[in-house]
Amino acid sequence: MDVVPASVGRASRGWDEQHLDVQAAAGQIAQATTSGFTAAVAGPAARFVRAWERHVDALGLGCEGQADGLRTTIRDYVESDEAVGADYLALLPYLTEVR
Amino acid sequence: MVSLPSRPSAVPALDVQPASIRACGSTLLAASAQIDDVGTFVAGDARIADWTTSQGSTAYHRGIRPIGRRADAMSLALRGVAQRVDRHADEMAALVVEHDDLDDRRLHLAQQVAFLETRAGGALTPEALVALEDDCVRVGGYVAVFESDLRRWSSAVAAEEQAMNDAFGRVLHLDAVDRIYGGVADPADAALDAKPPAGASPEEVNAWWDGLTRAEQQAIIAAAPGAIGNLDGIPAGVRDQANTVALERDLADWENVEQLGLITDEERTWLENARAAHDARQEIEDRVDPITGLPIETQLYLYDPAAFDGDGAIGISAGDLDTADNVAVLTPGFGTDAESAPYQADRAATMYESTRFLDPDASNATLFWIGYDAPDNAPWDEGWDGAGVISEQMATAGGERLADAIDGLRASRDGEPAHLTAIGHSYGSTTTGHAAHDHGLPVDDLVFVGSPGVGGDTDHASDTGVDPEHVWAGANSRDPVTYLANHGWFNLETFAGAGLGDDPAEDDFGGNRFEAESTTRGPGPDFGQHSLYFDHDTESLYNISQIVNGDYDDVLTAGHNYDPWYAGVQDPELDREPTTQATR
Amino acid sequence: MRPGLHAAVAVVLLIGLTGCMGDDDDSGADPSRALLEQQRDDVRSAAVRVIAAVEDELPGTRRPEKGRYQGCQSAGVDTFASFQYRLSVRIDVASAGGGDRASLPQLGTRLEGEGFSFAAASTGSEGQALQGTSASETGIAVTVTDRPQVGDFVLLELSGPCVDVPEEDSDRWLRDSEDEPLPQ
């Protein structure tokens, strides 16, 4: 198994942050008010907002998936016989999701 | 038999709220900026440069590309809808105005037709009959024009509604998003590549901005608001748009992590600063122009919640900085940081109300500027000695920032330049003094209120680079902060270890002094008097407003402080009875 | 005197005057909160009556009102010693087919019938204003302004008296912006 550097851990944290930010964006979209449109537009507007809340949520889950995938890679490496000394210690903090 | 014109058709109700539509667009735009960041992340920090040799790294780097492409396409699609929603708000607002006009016309015409009907029902002489027939033809013509206008308006409403629905429908599903926007270059990217580097003059920045297409400008506001929101040389209206995107995005982000219980201490501080900016702007928007009764316009001119190690930087105007005849920039002092924004917003709104009240023919804007790192400690909390050595360091650094900000205001404005006044209060006056002396301020008037000194190198008003006739000072005789300023022979430099410069209210300084006493004053010094300079109906606000409006003859001047050889510094304002001066 | 001490003294006096000798540390017993909340209710209910009367006399389009607590007197760089509730609303006059619209004195007469009393109209550079008070909402001031040179609209402004507040409440009043719109 090839070496997994600590930068993989940092990237996993980066994906966690993206997940949070995108989750916030989905929340923002969910709260977008559509009641100000005329009756003819309010329906399509509401439908657009609901659909995009789901699209953005899915994007967020994609980010979370990347973060989890990198953590799995780190875990596999740490649990193998390949990780030694400094590698091992540097990667330990990234085994768990903090945010 | 008289042919009466038909009554005009009813105008259908138009139940719409453009402001609410605009808020919806603003929310979608902020969300699109967030999604854009994912694309940027994939292209940048998501790439792990030192992890390249394994199957896992290959699979990872291949796997993130579609996410990046999807995010880029989604951000462009959502941005497009957001901008169309914003335009829809404008179109509907215009249609509302037309609707009200049509309604008025219908009422007027209905009354005319009713009058003709009454006449037709009575006994008519041959002459009266002819006159009636003529009037029927005339009014019938008006009704026909009205009906045509009504049909055209109704079609315009329907067309605009359909266009908005089409925009929503076009990118409702992700496959359409990928098809239409996948691989499309973001107009923001090339435009930003040409942005002048850090340190460029506001004039260069303004020239770059004016050279962009509208599509490029809108793209940058949506995708990279941080690149221009606080950039001197960018017009105030544009900075407001960009900073609004950034503020809404920040509030959503940090409130989300706060709700999840994951917020860090640093983020908590930034969130408080963002909330302060939001509340400050709301405050101004909730107040009205005293002449027109319309809500005061605001611009979020400066927004950086993490600046100065978490103290934050916020600047918001009451009024339109790009177009107002008179512009005032207010720099506060001791103890000010981003969380002070709601209080400073109140002062900016009060100054707006006062200047408009005193000169209804001129348009006005007041910008409060928390744009430098002001001393956290304040003499009323810790005393002059407890505050440590009061130094000019922060004022010197702040002065450079203030000079850049004012250069930016000048460079970013098209058309007639404003009558521009820089007002420094408290330690903000030391900062303003430094800005003027060290860098030059292209202002028409300079005002120092409650000043502890205007900087050690400024011995005379002419050292500010502004004509002494246009250098003004207001000093409340009970305000102990003003006692720190050096007073000629009796040099206070040793009092707290250092002084902050000369007293601009003293005769030797060579500027003007205006009345700034308060009817609430007691017999002795009182730190409470230090913050009354901008309250309604005070001498100080009245005089500052006259200066901002350029109405110099209406300023109530006061005798200067003077320093006779035989006694300590004398203040003729000590014994004058304070007055109330209406500012609303 | 340190800032905030004026406000604290004012509050203690107020407590003394009302005969309520509650614990100064118990902010729940602070009378300024009840006074200001009541003031908001009074200004809004007076506004509803004024708007209805004016709209009756002067058909037009009412713009969304703007109301909030505003600081009266500063007590420090980030503190106000006192607050009041102020509300403004503009009514754009519909242009009627023939005939003049109701004048300011006519509006004043109508409002007097609704329980408001006015001094004689004052004239400024841009128009005229009526200033008065409400009989039923004690202490509420009303101003009706007509500025034909600026535009065909009438401005209504209502406010309550300034109420001293404890220093620690200043932020709360300044940042309060949760008002529901007035009923149509």
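In the contact analysis, 42 residues of chain B are in contact with 40 residues of chain A (two residues are in contact if their C-beta atoms, placed from the backbone, lie within 7 Å). The model is predicted: local features need pLDDT of at least 70, side-chain atom pairs count only at pLDDT 80 or more, and totals for chains, interfaces and linings use all residues. Residues are numbered from 1 along each chain as its sequence is written, and chains are lettered from A and ligands numbered from 1 in the order in which they are written.

Four helices of chain B each supply at least two residues of the side that touches chain A: helix 1 (18-43), helix 2 (55-121), helix 3 (126-170) and helix 9 (236-259). Helices (H or I, at least four residues) and strands (E, at least two) are DSSP runs, numbered from the N terminus. Helix 1 of chain B gives the largest share of this side, 13 residues. By class, the side of chain B that touches chain A holds 25 nonpolar, 10 polar and seven charged residues. Here Ala, Val, Leu, Ile, Met, Phe, Trp, Tyr, Cys and Pro count as nonpolar, Asp, Glu, Lys and Arg as charged, and the others, Gly among them, as polar.

Chain A has three helices and zero strands. Its pattern along the sequence is α-α-α. The radius of gyration of chain A is 20 Å, whereas a compact globule of 99 residues would have one near 13 Å. This radius is taken over C-alpha atoms, and the globule rule is 2.2 Å times the number of residues to the power 0.38. Along the principal axes, the C-alpha atoms of chain A fill a box of roughly 65 × 20 × 15 Å. Of the 99 residues in chain A, 45% are buried (20 or more other C-beta atoms within 10 Å of the residue's own, with C-beta atoms placed from the backbone). Among contacts in chain A between residues at least 6 apart in sequence, 70% join residues at least 24 apart.

Chain B is assigned domain 1 (18-181), domain 2 (187-256) and domain 3 (264-574). These bounds come from an automatic or database domain assignment. The C-alpha centres of domain 1 and domain 2 of chain B lie 25 Å apart. Contacts link 11 residues of domain 1 of chain B with nine residues of domain 2 of chain B. Helix 1 and helix 2 of chain B each supply at least two residues of the domain 1 side. Helix 1 of chain B provides the largest share of that side, eight residues. The domain 1 side that touches domain 2 of chain B comprises three nonpolar, six polar and two charged residues.

Note on methods: Buried ≥ 20, exposed ≤ 12 C-beta atoms within 10 Å, placed from the backbone.
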